[in-house]
Amino acid sequence: MSNLEQTASSVAFDAAQPSDNAVSRARTVQFEIGRRGLLLLSWLAPVVLLIVWELLAQAGWLSPQVLPAPSKVLRTAFKLAASESLLNDLGISLLRAIGGFTIGASIGFALGILVGFSRIAEAAIDRSVQMIRAIPFLALLPLVIVWLGVGEAEKIFLVALGVTFPIYINTTLGIRQIDPKLIELGRVQGLGTLDLIRRIVLPGALPSILTGVRYALATAWLALVVAETIGAQSGIGFLAMDAREFLRTDVIVLTIVIYALIGVAADAIARTLERRLLAWHPNYGGAR
Amino acid sequence: MTLHVAPSSTAASPAVVVTHLCRAYGSRVVIENLNLRIERGEFVALLGESGCGKTTLLRALAGLDPVDGGRIAAPRRPAVVFQEHRLLPWDTLWRNVALGLQVADVRERAAAALAEVGLGDRLDDWPRNLSGGQAQRVALARALVQEPELLLLDEPFAALDALTRIRMHHLVRELVATHRPGVLLVTHDVDEAIALADRILVMRDGRIAFEHRTSGARSIARAELLAELGVVASHPIPA
């Protein structure tokens, strides 16, 4: 976490460099508190909040059934991890997310490529996709349950549905934004259609596609939370609903924390992909 | 009314022969019955006002636009350097130069071409780290690495500053002397045409209206060309 903070603050510093004004402003702040000081300050509020929460719980001001002490949540985490049931449920949730994401991303990408390249495909597909996109995909859940029941298929379907559209939209957008002069250059250099796609179209569309991937990771996670909350027999969401039956708020809070951590991890993966694949791009790889 | 690209193989053949070329956008005729022959190793500059059809001619020769009639006979696909460098920002310099190159030792060939334009130490650099002149030198290397028999230059130096442009003129002259492709340079800069070309054509209303071989006194050529372009009177008006 502190690593992530550091890169964030160094990026902010780099961004301030082009303007003299901004640089001098950044310097005065540094003289007053220092960069370490600012970093500490940014962590102060959450840490204080945690301590207050812990003290209130210890003093008995907070009923453990409303909100358990952070230390209690931590102990529960260790206990569940030791019994392997937590890791098991986590694994199942991750598999559902990965499976749904792979299917949804493949469909979105394939449709995006098709529509990006062919005006006929655009006329045939784009309007329908845009119409379906207008539905909040979670609203389809009751229908999906009727179709597929409350099993693995329903959960993976819901995740895939949430992932397809951001990938589709950003792929078509990326392809449309490619400079036609570069396509013309490819023709002049004698590239065939396949090489034209490989050397010019896909690399040109990649920044937009990766934006779609990042957005899709967030929706995939949201879809999974909803799907697992309804009629799951395993997974993190099941853990939470099961704990609700027994008023185990410590387990419920733990599952919420796990969802948050995995969300942060997914975003970090997406950022790393962008830095690696877009090393050429001044906005991504420039601050190496 | 079709375009014929006839392949020919003999070494003594011209770089390109254009006969009775026509091109119209709707009812507006841009190129009308144009004939042109460029030998290998010959440097031809094409002057003309904006909209006279010179870029249309170059794009037709490059195979980028269709023609409405006539015949373009070129032995091979020509190489083109555009006004903008058109480097792929996501590829390193050597991969940019190697774009479309189909030989076994692609990297070596690209490296040699980059060395020729004085960028042999920048193989793995990104295009965004180049100045305008350097980027245009890479574009030149990308065109010449294909070993074209016809090199088309579409105002490639127009966006460069005066000093860089002069350096580029020297470089182009050297490279053309080494590789000896036929060259068609489209420009609106009379001095550039005089500095580089063996033969200067002035295009007007879709035809080649004037032709000049640059062997004699350059100042005379300059006045004559400017007069043909309608910029100044060809003869001083008597007082």
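**View 1. B:H20, a residue of strand β1 in chain B.** With a relative accessibility of 48%, B:H20 counts as partly exposed; the cut-off for exposed is over 50%. The model shown in this and the other views is predicted. B:H20 sits within β1, which covers residues 16–25 of chain B. Look at the backbone here: phi of B:H20 is positive, about 50°, although the residue is not a glycine.

**View 2. B:E155, a second residue of chain B with a positive phi.** Phi is near 45° at B:E155, again in a residue other than glycine. The residue belongs to the loop that runs between β6 (150–154) and α5 (162–179) of chain B. Is B:E155 buried or exposed? Its relative accessibility is 12%, so B:E155 counts as buried.

**View 3. Chain B as the setting for these residues.** Chain B contains seven helices and nine strands. Of its 239 residues, 52% count as buried. Among contacts in chain B with a separation of 6 or more, 71% come from residues 24 or more positions apart. The chain exposes about 11000 Å², and carbon and sulfur atoms supply 52% of that area.

**View 4. A salt bridge between B:R23 and B:D68.** The closest N and O atoms of this pair are 3.6 Å apart. How accessible are the two partners? B:R23 counts as buried at 11% relative accessibility, and B:D68 counts as partly exposed at 31%.

**View 5. The salt bridge of B:R122 and B:D125.** Here the side chains meet with an N to O distance of 2.8 Å. Both B:R122 and B:D125 are buried.

**View 6. Chain A, built from helices without strands.** Chain A has twelve helices and zero strands, so the eye can simply follow α-α-α-α-α-α-α-α-α-α-α-α along the sequence. Of the 288 residues in this chain, 35% count as buried. Among its contacts between residues at least 6 apart in sequence, 70% join residues at least 24 apart. The accessible surface of chain A comes to about 16900 Å², with 68% of it belonging to carbon and sulfur atoms.

**View 7. A salt bridge joining A:K72 and A:D250.** The two side chains meet at 3.7 Å, N to O. What does the pair tie together? A:K72 is in helix α4 (residues 70–82) and A:D250 is in helix α12, so parts of chain A that are 178 residues apart in sequence are tied together. A:K72 is partly exposed, with a relative accessible area of 32%, whereas A:D250 counts as buried at 3% relative accessibility.

**View 8. A:N283, in the segment after α12 of chain A.** This residue follows the helix that spans 249–277. A:N283 is exposed, with a relative accessible area of 65%. Its C-alpha atom is separated by 9.9 Å from that of A:P207, a residue 76 positions away along the chain.

**View 9. The interface of chain A and chain B.** Contacts here involve 20 residues of chain A and 21 residues of chain B. Together the chains bury about 2000 Å², 57% of it on carbon and sulfur atoms. Within chain A, the residues that lose the most area to chain B are A:Q189, A:R199 and A:W280, which together make up 36% of what that side buries.

View 10. Eleven residue pairs are in polar contact between chain A and chain B. Which elements of chain A give two or more residues to the side touching chain B? They are α9 (180–188) and α10 (193–229), with α9(A) giving the most, six residues. By class, this side of chain A has nine nonpolar, six polar and five charged residues. There are four salt bridges between the chains, and in one salt bridge the side chains of A:E184 and B:R86 meet at 2.8 Å, N to O. A:E184 and B:R86 also belong to a network of salt bridges, which links them with A:K181, B:R59, B:D65 and B:E84. Over all chains, the whole structure holds 30 salt bridges.

Terms used
Residues are numbered from 1 along each chain as its sequence is written. Chains are lettered from A and ligands numbered from 1 in the order in which they are written. This is a predicted model: local features need pLDDT of at least 70, side-chain atom pairs count only at pLDDT 80 or more; totals for chains, interfaces and linings use all residues. Side-chain values use heavy atoms; hydrogens and water are left out. Helices (H or I, at least four residues) and strands (E, at least two) are DSSP runs, numbered from the N terminus. Buried means under 20% relative accessible area, exposed over 50%, partly exposed in between (1.4 Å probe, protein chains only). Contact means heavy atoms within 4.5 Å. Accessible areas come from the Shrake-Rupley method with a 1.4 Å probe; for residues, only the protein chains shown count as cover. Buried area is the accessible area (1.4 Å probe) that two parts lose on being put together, summed over both. A polar contact is a pair of N or O atoms within 3.5 Å; within protein, one must be able to donate a hydrogen and the other to accept it, and residues adjacent in sequence count only if both atoms are side-chain atoms. Ala, Val, Leu, Ile, Met, Phe, Trp, Tyr, Cys and Pro count as nonpolar, Asp, Glu, Lys and Arg as charged, and the others, Gly among them, as polar.
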